Amino acid sequence: MSQLPGAALAQAVPGSYEEVGVIYFDNAATSWPKPAAVKDAMVQFLEEVGANPGRAAHRRAVTAGRMVYETREAVAELFNAPDPLRVVFAANVTEAMNLALVGYLRPGDHVITSAIEHNAVMRPLRELERRGVELTVVACAPDGALDPGDVEAAARSNTVMVVLNHASNVVGTILPVQEVGEIARRRGLLLLVDAAQTGGAYPIDLVADGIDLLGFTGHKSLHGPMGTGGLIVGERVDVKRLRPLKRGGTGSNSELEKQPDFLPDKFESGTANAVGLAGLGAGVRWVLAEGVERIRAHEAKLTQHMIDGLTAIDGVTVYGGLTATRQTATVSFNVEGMMPSEVGLRLDEEHDIMCRVGLHCSPAAHRTIGTFPDGTVRFGLSPLNTMSEVDSALAAVGELAQEAG
Amino acid sequence: MTDGDYTVLLVYSTSHALRAEKLLARAGIDCKLIPVPRELSSDCGVCVRVGREERLRAEQVLEDAELEIEGVHNV
């Protein structure tokens with residue numbers, strides 16, 4: 001069997017956490033550590049390039065622009081987007097989702113979403129609802145599963161868009177994006193997908209999945225730095241209708257005081273996070289080299305072991321579908337008789353395990369799985385975690401559960 | 001302006017110019033990104049310079065990739 005991504009990365013990251021002796025299980029919030037190539041690309045940009053991409057024509061400005069462009073190309077390749085210029089960079093996936101929702105929807109439009117969304121989608125949608133956009137939130141099963149038929153049944157004559165997270169950030173449940181994509185095509189709706197939890201960890205193919213708008217984050221499973229992400233604008237999207245969140249300098253059409261109307265400049269005003277995008281490019285190329293399928297297989301193995309181990313502990317409740325093949329490497333659970341905040345503190349202080357507890361910015365998801373308002377303890381794994389770390393965590397949770405029970 | 005040995009292709013933005021550079025390189029056409037000559041446009045960006053003998057082939061490569069060309073000038 002080929003070397004697992006985790007082992008490969010451990011070699012690529014000097015002083016990785018296994019040597020430090022701590023277990024980082026908060027990868028669903030941001031991945032750590034990053035491949036060494038990510039840091040190297042950022043250092044190279046700062047030391048050797050440093051110029052403003054797309055703002056001048058001297059050699060280093062062109063080199064900076066080329067590094068940003070190559071990141072666009074890598075992202076387009078990973079998600080099978082036909083044209084790299086349709087990859088619009090943003091500060092994070094939240095900004096990307098805001099651009100797609102606030103930029104596209106108008107009063108009188110109807111939009112459909114699920115009951116397991118992150119606030120990156122729910123908050124802009126609730127604001128749009130206040131401004132006259134009609135919203136239907138389709139219920140999910142308690143394990144987070146969404147029935148595509150319920151999405152279709154919610155469609156009306158004024159429905160213009162379906163927005164779904166690809167996988168829940170709370171329980172990892174993967175939503176049936178491809179099936180909903182097929183419904184969206186058939187009914188002439190746009191499908192907007194929030195890939196915060198899946199981009200780089202689960203196969204995404206814009207064409208095959210029927211995705212029209214894809215919001216992605218750079219700092220989770222693409223292994224880039226924070227402050228990177230973006231929106232891929234598919235061919236079916238009317239770019240004229242999509243309004244930018246901000247307007248300003250783009251380095252193009254400088255003689256005009258009117259915002260450019262072409263991609264990506266229309267949506268990329270202001271100096272880009274070029275150092276971050278240089279790092280993101282290295283992260284995406286690392287994912288492409290390791291292979292999403294291989295990363296996925298390793299994560300699924302760890303995840304199933306985690307689910308089975310937690311389920312076997314008396315007094316522990318695990319949420320979601322309990323099947324690794326139907327979810328990401330994110331596992332939510334609770335310990336009977338101990339609040340999630342207490343579990344998180346004890347894991348950190350007594351067992352050197354870092355995770356995230358509470359509501360995870362997703363009150364809707366916690367209502368769906370029945371854990372609102374206390375929340376859950378969430379382990380978010382990455383391709384560089386190992387079986388022995390999962391075993392250590394299981395032993396630690398076992399101790400806490402015994403004490404609390 | 002005196003005619004030289006080059007043709008410049010004007011595109012909408014630096015991102016477009018960088019895409020053009022990649023597409024042309026893949027097609028085996030030598031090119032260089034240069035500042036847009038002031039006589040051609042008041043834009044502050046870059047354009048794509050190719051050897052004049054590559055003009056038609058370069059235009060075809062960009063057209064095939066649906067990369068819109070704003071203007072073509074011999075310089």
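The following legends describe close-up views of a predicted model. Local features are given at pLDDT of at least 70 and side-chain atom pairs at pLDDT 80 or more, whereas totals for chains, interfaces and linings use all residues. Residues are numbered from 1 along each chain as its sequence is written, and chains are lettered from A, with ligands numbered from 1, in the order in which they are written.

**View 1. The two domains of chain A.** Domain 1 (5-33 + 291-404) and domain 2 (39-289) make up the division of chain A, with bounds from an automatic or database domain assignment. Their centres, taken over C-alpha atoms, are 27 Å apart.

**View 2. The side of domain 1 of chain A that touches domain 2 of chain A.** Contact (C-beta atoms, placed from the backbone, within 7 Å) links 30 residues of domain 1 with 31 residues of domain 2. On the domain 1 side, α10 (292-311), β10 (330-335), α12 (363-369) and β13 (376-380) of chain A each contribute at least two residues; helices (H or I, at least four residues) and strands (E, at least two) are DSSP runs, numbered from the N terminus.

**View 3. An open sheet of 7 strands in chain A.** The strand order is β2-β8-β7-β6-β5-β3-β4, with mixed pairing; two strands pair if DSSP finds at least two bridges between them. Because β2 (87-90) and β4 (134-138) of chain A are edge strands with a single partner each, one side of each lacks a neighbour in the sheet.

**View 4. Strands β3 and β5 of chain A.** β3 (residues 110-114) and β5 (residues 159-165) of chain A run parallel and are joined by 4 bridges. A:His110 has A:Thr159 in β5(A) as its bridge partner.

Note on methods
Contact = placed C-beta atoms within 7 Å.
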